[in-house]
Amino acid sequence: MGRALNAHAAADVPLPSRAERANRTERPQSVSLVVEDMHCGACMTTIERALRRTPGVREGRVNLSTRRVSIAFDAAVTDSQALVDVIGAAGFKAAEAIEGSSEQENRRADDLLRRLGVAGFAAANVMLLSVSVWAGAASDMDAAAASLFHWLSALIAMPAIAYSAQPFFRSAKAAIGARRLNMDVPISLGIVLATGMSLFQTFRGSHQVYFDAAIMLTFFLLIGRYLDEHVRLKARGAAENLIGLKSLTATVIGSDGTARRMAARALTPGMRVQVAAGERIPVDGRIVEGESEIDESLITGETLPRWAKPGADVHAGTVNMTRAVTVQATATDDSTLLAEIARLMQAAEQGRGQYVRLADRASRLYAPAVHVLGALTFAGWMLAGAGWELSLTYAVAVLIITCPCALALAVPAVQVAATSRLFAKGVIVKAADGLERLAEVDTVVFDKTGTLTRGEPVLRNGSELSDAVLAKAASLAVASRHPYSRAVVRAARERGLTIAAASGVVEIPGSGLAAASPAGEIRLGSAEWIKSGDPSGGRTGSLRFADANGEIANFEFEDAVRPGARDVVSALKLAGYRVALLSGDRETTVNAVAQAVGIADAWAGIKPNGKICFIEDLKARGRKVLMVGDGLNDAPALAAAHASLSPSTAADISQTAADAVFQGQPLAPILETMTVARAAQRMSFENFAIAIGYNVVFVPLAMAGYVTPLIAALAMSLSSIAVTANALRLRGRNLPLESLRRTA
Amino acid sequence: MSALAWLIPCALALGGLGLAAFIWSLNSGQFNDLEGSGWRAIQDDEEPSQPPKP
């Protein structure tokens with residue numbers, strides 16, 4: 001016996017080692033990449049062909065709807081960074097997708113679709129049989145045939161309901177377990193009672209059979225639920241793509257000095273990363289080599305760069321402006337600023353969890369009313385001496401009629417129409433209850449840098465400079481990647497000047513640019529350097545240009561306001577919103593921007609926790625605040641505000657905290673979002689009115705016992721179609737921003 | 001009325017066939033990329049089986 005076991009064990013031994021050997025030669029792995037600018041079949045084919053030609057790739061398949069490519073590859077031959085480069089060489093910007101909970105959500109949407117299919121099949125067949133029975137009642141159908149049809153309906157409807165309506169049953173059970181009522185409680189009760197009662201009446205051979213109504217109800221509600229899930233999934237995917245595409249590639253320097261490119265997300269503490277001038281710093285860390293100016297506007301809101309020496313802490317998302325530095329990655333929890341932001345955000349988010357959605361608020365009133373009406377009908381008919389069976393039939397009719405089919409579709413239908421409309425305009429609404437919260441807002445608080453402004457310097461005093469000076473300065477600047485240089489070149493291009501690149505331009509990092517010309521040296525750089533030749537070390541908001549013959553011109557820079565900012569602010573004010581500006585930047589800069597966009601209520605030098613205090617203070621005074629911000633320093637305020645918006649250029653953490661993300665330079669999407677959110681809210685109320693109006697007509701009929709299965713089925717379908725049609729009006733119409741009716 | 005004996009099973013079977021086809025297409029991932037599938041159908045094959053004649 002013992003020997004037999006040993007022999008068996010011995011026989012097993014080679015197997016794992018064989019598998020190991022196989023693993024060593026081939027390591028199958030898969031990755032999902034986000035690809036930008038992929039619009040049609042040609043792009044799809046280009047990418048798939050490029051991947052197929054790449055050694056190590058087993059399969060690459062493009063999903064055009066989600067803008068992703070899933071690739072199965074052999075990790076022993078290639079890696080995901082190489083694949084990103086392959087797609088880059090084919091002309092597309094790709095990045096590794098951040099893995100959310102999308103897989104599970106995809107499965108849930110598929111599950112709903114499957115249940116919807118089953119419910120649709122059953123509803124069609126049951127309606128076929130029901131129509132025959134209704135028609136037969138008016139002609140010569142005998143009782144035996146009607147009974148047969150009822151039995152067939154039961155056989156089709158009951159398993160279909162048991163399977164398809166499970167999402168409602170589960171949600172209702174959870175709600176009752178938590179001792180509260182949601183919309184799914186009356187829905188489940190209606191479906192279960194109608195099915196049970198119909199089965200009983202089928203046994204008895206009576207006419208009060210409601211299988212058709214029960215299965216139609218399930219079908220319509222599943223449509224609403226699936227669309228809701230589908231739109232949310234699409235928005236979530238798009239939001240993840242935005243963040244994924246911003247991810248950077250880092251140049252890592254190994255201990256032997258060799259440089260190697262890898263995704264910034266794969267960096268670990270201790271790695272040394274080289275950051276060239278003009279590049280975004282990919283990781284939190286400390287400068288170990290080199291000195292440079294660091295643009296920290298995304299983190300602090302401060303527009304002027306900071307001079308950083310070896311030993312200085314730098315944050316991911318800041319831009320290295322002047323010369324290459326080497327940064328050693330540190331763990332994020334080392335950084336006090338980030339740790340503080342994370343702590344503030346956590347505290348701020350707790351307050352928001354208590355928001356109750358509109359549909360749930362409606363169901364809190366509606367569900368008890370439905371149950372009371374049903375009970376009253378039963379009690380009333382019992383007292384009138386109708387007997388328990390007839391009384392119960394009428395009570396079930398009331399439950400079916402009041403079953404909030406239209407009510408439960410009213411909000412999701414509007415939400416889906418509104419979200420799709422905004423999606424087409426480049427606004428991604430991520431939070432499920434985001435639109436509802438946006439609609440309630442009465443105060444809008446803007447961040448300055450990167451939100452009201454572009455977050456990149458623009459030449460301010462261009463009008464004071466002559467064409468000749470600008471053209472000459474641009475001929476130097478075109479050789480540099482410094483943001484100020486780029487601003488000079490942009491200004492020259494906008495004026496239509498031809499830029500002749502100067503030959504032999506020397507960039508003196510931290511100081512400026514110089515080039516020899518036939519007449520002598522020309523220079524563009526900091527004032528100190530031009531004057532005395534000393535390298536500058538302080539904060540600067542200007543450059544100086546020195547001609548060969550000693551002529552000097554000043555170039556002043558500012559962070560330009562986004563296009564349409566002034567119009568957006570004035571439209572918001574006109575509609576009755578209170579508008580404020582909160583910034584971590586210095587007072588003079590903040591005031592200048594506030595004046596440019598027309599905001600009187602501007603606050604400068606506010607720290608992240610100061611922003612939260614400001615918002616909490618507004619909240620305490622009963623205001624519902626919309627925070628619009630992009631920086632890391634705005635993230636806690638975004639989480640604390642009643643609703644939040646953030647541009648797609650925002651720091652990852654802010655984008656995640658915001659309810660909605662808008663794309664592109666103009667600020668107009670903010671207005672569109674507010675408009676659609678308010679219109680959606682109004683339409684939700686309209687839909688409630690339609691649903692309740694229909695109940696006002698049919699509930700008395702049902703209580704009086706006049707509702708036949710035919711009336712129940714028709715009324716149910718018509719009300720659902722009416723609210724859906726109303727919601728669809730939200731698409732493609734031109735909407736004005738409704739003004740707030742101030743009550744206070 | 002005797003026609004019902006075969007008409008109803010026929011109707012149900014056809015409906016069931018449709019449902020089965022739907023569930024099969026769902027399970028095989030055909031609803032995952034509605035945009036891409038349309039394009040895929042009209043794309044040229046990578047290597048044409050016959051070289052185009054001059």
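Reply: In this predicted model, H17(A) passes H18(A) in a left-handed crossing.

On the side of H17(A), the contact is formed by A:Leu470, A:Ala471, A:Ala473, A:Ala474 and A:Ala477. H18(A) contributes A:Ser485, A:Val488, A:Val489, A:Ala491 and A:Ala492. Sorted by class, the contact of H17(A) with H18(A) comprises nine nonpolar residues, one polar residue and no charged residues.

Helix H12 (residues 358-383) and helix H13 (residues 388-402) of chain A have axes 8 Å apart and pack at an angle of about 155 degrees, which makes H12(A) roughly antiparallel to H13(A). The crossing of H12(A) and H13(A) is right-handed. Residues of H12(A) in this contact include A:Phe378 and A:Trp381, while those of H13(A) include A:Trp388 and A:Tyr394. Here the contact divides into 12 nonpolar and four polar residues, with no charged residue.

As for the setting, the domain assignment of chain A lists five entries: domain 1 (26-97), domain 2 (106-237 + 355-397 + 692-726), domain 3 (249-334), domain 4 (417-455 + 562-677) and domain 5 (457-560). The centres of domain 1 and domain 2 of chain A, taken over C-alpha atoms, are separated by 48 Å. Chain A as a whole has 26 helices and 26 strands, and its C-alpha atoms fill a box of roughly 110 × 90 × 45 Å along the principal axes. Of the 744 residues in chain A, 46% are buried. Among contacts in chain A between residues at least 6 apart in sequence, 69% join residues at least 24 apart.

Chain A also meets a partner: 20 of its residues are in contact with 21 residues of chain B. Helix H3 (41-52), strand E2 (57-63), helix H5 (102-138) and helix H6 (143-164) of chain A each supply at least two residues of the side that touches chain B. The largest share of that side, nine residues, comes from H5(A). By class, the side of chain A that touches chain B consists of 11 nonpolar, six polar and three charged residues.

Terms used: Residues numbered from 1 in each chain as written. Chains lettered and ligands numbered in written order. Predicted model: local features only at pLDDT ≥ 70, side-chain atom pairs only at ≥ 80, totals over all residues. Contact = placed C-beta atoms within 7 Å. Helix = DSSP H or I, 4+ residues; strand = E, 2+ residues; numbered from the N terminus. Nonpolar A, V, L, I, M, F, W, Y, C, P; charged D, E, K, R; others polar. Left-handed = near helix turned anticlockwise from the far one by under 90°. Domains from an automatic or database assignment. Buried ≥ 20, exposed ≤ 12 C-beta atoms within 10 Å, placed from the backbone. Axes fitted to C-alpha atoms, helices over the stretch in contact; angles between N-to-C directions. Parallel < 35°, antiparallel > 145°, perpendicular 65-115°, else oblique.
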